[in-house]
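This briefing goes through selected features of one model, grouped by topic. Please keep the sequence and the structure in view while reading.

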Amino acid sequence: MKRILTLVLVLMLVMLAVVACTKPEEPHTHSATKTEQVNATCTAAGVKAYWYCSGCTTYFADEACTSKIDSIDAWKAADGKIAALGHTTLVEKSAAVAATCTTAGKTAVMGCERCDYTEGGTEIAAKGHSATKTNQVDPTATTDGVKAYWYCSACECYFSDEACTAKIENLDAWKTGDGKIPATGAPELPPVNEGTLKAGVYKGTAAVTGAPMSFNMTLTLKADNTFTLTDAAGADKGSGTWALTGDCYTLTFGAEKTTTFVVKADGSLQITSRLYYGAMSIDITMVDGGTIVFSFDSDIPTDPEQPGGGDDPEQPTDKDDIVEDDFVAPIV
């Protein structure tokens, strides 16, 4: 019994010695490094800030290192994840451009106010011209004509060609410039009498160019202010009186029909209006038609009071070329 007590005492003394030699463990102090938060964008998720202690190789979700992160990758996809923000309501970044007849347009460009995301700006094809033609106005002898031109109602522009490539900046100016077709031109007729009328017999031929027509005529102006107009066979083609009326001489065929002429400096006669020829009339007004050539000549002396003058056909006569002119006119 005494031996047992001694053994127990020895064991207790050993245990006390071991306890006395062992120092207590000191507590761990974390030395953590912070990883800054990655902010979320409109399209990408972010990650919250977190801390890493290299001493215990542990991640924490708080600066005090009390919230341990067991798996950093799993944490980033779950508790540490900041959801993507999504785009704001889109606002106009650039206005729409309307298409014209010749240039393309585009739709408005819309964009996010937070990021550089945009949509729109789609091209709109050029519309092309929608032109209406105004036909050419042909010139006459005395009035100018106008070339054909086109008007596009879409762009409200005038063009001188069907393809609408030659723009007319000012239509009125163009009509009197590049778009003008000059008048064909009337013969220059003496505006006033230049010579002295001499009574006598005047013969002439009116021939229509390009047509088998001709009219041989004799105009007899008598000193008593009467006249006769006959054809080659001597048939009456008109008669009446003649007189000086203003700047022209007038042949009066009855009450309403009149023909005017002037006397040129060389003594020639030049008809300046419609010549009535029997049931027909020769219109020398400058309008479209055939070319009529008038040739008149006198076959009596210039002074009917001199010997050989008047109506005595046996006396010698003078023959003077009176006039030859071209007139563009129809025979009506």
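Buried means under 20% relative accessible area, exposed means over 50%, and partly exposed lies in between (1.4 Å probe, protein chains only). This is a predicted model, in which local features need pLDDT of at least 70 and side-chain atom pairs count only at pLDDT 80 or more, while totals for chains, interfaces and linings use all residues. Residues are numbered from 1 along each chain as its sequence is written, and side-chain values use heavy atoms, with hydrogens and water left out.

**Cysteines**
- Cysteine 53 is buried, at a relative accessible area of 1%.
- A disulfide is counted when a pair of cysteine sulfur atoms lies within 2.5 Å; by this rule there are zero disulfides.
- Cysteine 53 is therefore in no disulfide: the nearest cysteine sulfur, that of cysteine 56, is 3.5 Å away.
- Cysteine 248 also counts as buried, with 19% relative accessibility.

**Largest nonpolar core**
- A nonpolar core is a set of buried Ala, Val, Leu, Ile, Met, Phe, Trp, Tyr and Cys residues joined through side-chain atoms within 4.5 Å.
- The largest one has 21 residues, of which Leu197, Met217, Leu219, Leu221, Leu251, Phe261 and Leu269 touch the most other members.
- Strands (DSSP E runs of at least two residues, numbered from the N terminus) that each supply at least two residues of this core include β18 (200–208), β20 (226–231), β22 (248–253) and β23.
- The largest share, four residues, comes from β19.

- Threonine 260 is found in strand β23, which spans residues 257–263, and is buried at 18% relative accessible area.
- Contact means heavy atoms within 4.5 Å; not counting residues up to four places away in sequence, threonine 260 touches Cys248, Tyr249, Thr250, Gln270, Ile271, Thr272 and Ser273.
- Valine 192 is found in the loop between β17 (180–181) and β18, and is partly exposed at 36% relative accessible area.
- Valine 192 and valine 262 are 70 residues apart in sequence, yet 6.7 Å apart in space, C-alpha to C-alpha.

- Two strands pair if DSSP finds at least two bridges between them.
- Three strands form an open, antiparallel sheet in the order β7-β9-β10.
- β7 (91–94) and β10 (118–120) are the edge strands, each with a single partner, so one side of each has no neighbour in the sheet.
- β7 and β9 (residues 109–111) pair over three bridges, and serine 94 stands opposite valine 109 in β9.
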